[in-house]
Amino acid sequence: MSENLKSLPCVKRYPGNPVLTAADVPYPASLVFNAGIIPWKDGYAMIFRNDYGTDQAAFEAGRGFRGTNIGLALSRDGIHFEVEPEPVYDLSGADGGEIGRAYDPRLTVIDGTVYMSFAVDTRHGLRGAIARTEDLHHFEILSMTVPDNRNIVLFPEKIGGKYVRLERPMPVYSRGRDRFDMWLSDSPDLVYWGNSKLVAGVEDFPYANDKIGPGAPPVKTDRGWLVITHSVDRDNTRGKNGWEPKWPKRYSAGMLLLDLEDPSKVLGICREPLMAPETDYEVKNGFRTNTIFATGAILVGDTLRIYYGASDTVIALAEAKIGDLVDACLAGGPR
Ligand code: BMA
């Protein structure tokens with residue numbers, strides 16, 4: 001796998017990156033990353049993962065994070081954010097201690113209702129959850145997968161009368177460790193999920209050798225559903241990168257286009273990364289360097305704003321013309 005992956009030339013990083021860091025958070029915060037975003041009132045609402053309770057020196061001395069919660073930041077322009085005074089969601093220790101934490105939130109509006117999908121660590125495995133919220137402060141869990149599954153993203157409208165989601169189960173026995181793919185399921189009510197189908201495998205992404213899965217919720221275009229993925233390559237010769245003694249993975253953002261009426265059908269896969277780690281805040285400075293994890297995408301006119309966790313440490317923003325992104329998917333051809 002080449003060490004020199006490049007982002008698509010049509011993607012422009014916001015020069016003022018990062019747009020949100022731990023320094024912007026008025027409660028304990030160490031790493032602020034992997035955020036969901038929606039239009040909200042007269043601006044935008046972002047909901048983000050916050051790992052707190054240590055720093056690099058303390059971590060390297062053996063003192064790990066104290067916990068993870070989910071915070072809310074509001075913005076008029078989608079670029080400058082103000083964080084609410086308290087975290088809005090924290091499942092730590094719930095269900096009699098069965099639940100460890102909730103993290104990696106995504107937001108989707110369907111028929112005027114806001115949903116948050118997120119990952120949940122439990123004593124008995126990793127689960128993907130979907131919750132409904134009216135005010136972004138109170139969340140009612142509607143469904144949770146069996147282990148191990150996470151990275152659920154919801155389509156922003158029903159398709160063929162059904163709710164639809166993308167997800168990334170973790171078939172450890174059958175595919176070998178870390179060989180994970182992207183799947184789709186549908187539901188009549190957001191509670192019961194079925195009709196599961198494979199959408200794309202890690203082998204469809206030439207720059208990934210480890211796993212691929214959903215990143216941001218799908219964006220509707222006139223030529224198909226544009227889906228941003230996380231796409232991971234592993235090289236065990238990579239040594240210390242970031243705070244941990246060793247971090248052999250690189251997370252890029254990938255992209256594919258799905259059929260509007262049958263989103264299990266792939267119209268095109270971009271065979272190069274949409275975004276590969278390149279800047280200091282993606283490659284060098286932070287907890288897990290070499291990491292781009294895009295979990296939010298908002299269409300503003302003909303421009304797609306892509307919100308991504310960089311180095312699992314900060315939240316950054318990039319933009320591209322939606323037409324260029326669709327062209328790049330279609331140029332790669334179907335599966
Ligand atoms: C995954 C998740 C993400 C994280 C990524 C890179 O397994 O934990 O939250 O961004 O690893 O560290």
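**View 1. D312 and the ligand in the predicted model.** The side chain of D312 places an N or O atom 2.5 Å from an oxygen atom of the ligand. On its own, the ligand would expose 310 Å², and the protein buries 91% of this area. The model shown here, and in every view below, is predicted.

**View 2. N34 and Y251 at the ligand.** The side chain of N34 has a polar atom 3.0 Å from a ligand oxygen. For Y251, the separation between a side-chain N or O atom and an oxygen atom of the ligand is 3.1 Å.

**View 3. The shell around the ligand.** Residues around the ligand include F33, N34, R49, D104 and R150. Also among them are W247, Y251, R288, T291, F293 and D312. By class, the shell holds four nonpolar, two polar and five charged residues.

**View 4. The backbone at N34.** N34 is part of strand β2. Phi of N34 is positive, near 45°, and N34 is not a glycine. The relative accessible area of N34 is 2%, so N34 counts as buried, the cut-off being under 20%. N34 also belongs to the residues around the ligand.

**View 5. A positive phi at N195.** N195 sits in strand β13, which covers residues 194-200. Phi is about 55° here, a positive value, although N195 is not a glycine.

**View 6. D178 and K249.** D178 lies in the loop that links α2 (172-175) to β12 (182-187). Its side chain makes a polar contact of 3.3 Å with the side chain of K249. Is D178 buried or exposed? D178 is buried, because its relative accessible area is 8% and buried means under 20%.

**View 7. A94 in its loop.** A94 belongs to the loop between β5 (82-83) and β6 (99-110). With a relative accessible area of 24%, A94 is partly exposed. T122 is 28 residues from A94 along the chain, and the C-alpha atoms of the two are 9.5 Å apart.

**View 8. The cis peptide bond at P18.** N17 and P18 are joined by a cis peptide bond, with omega about 0°. P18 is in the loop between β1 (12-13) and β2 (31-40).

**View 9. The cis peptide bond at D148.** From P147 to D148 the peptide bond is cis, and omega is near -15°. D148 lies in the loop between β9 (139-144) and β10 (149-154).

Note on methods: Residues numbered from 1 in each chain as written. Predicted model: local features only at pLDDT ≥ 70, side-chain atom pairs only at ≥ 80, totals over all residues. Heavy atoms only, no water. Near = heavy atom within 4 Å. Polar contact = N/O pair within 3.5 Å; in protein donor to acceptor, adjacent residues only side chain to side chain. Areas by Shrake-Rupley, 256 points an atom, 1.4 Å probe, with all protein chains shown as cover. Nonpolar A, V, L, I, M, F, W, Y, C, P; charged D, E, K, R; others polar. Helix = DSSP H or I, 4+ residues; strand = E, 2+ residues; numbered from the N terminus. Buried < 20%, exposed > 50% of the residue type's maximum accessible area, 1.4 Å probe, protein only.
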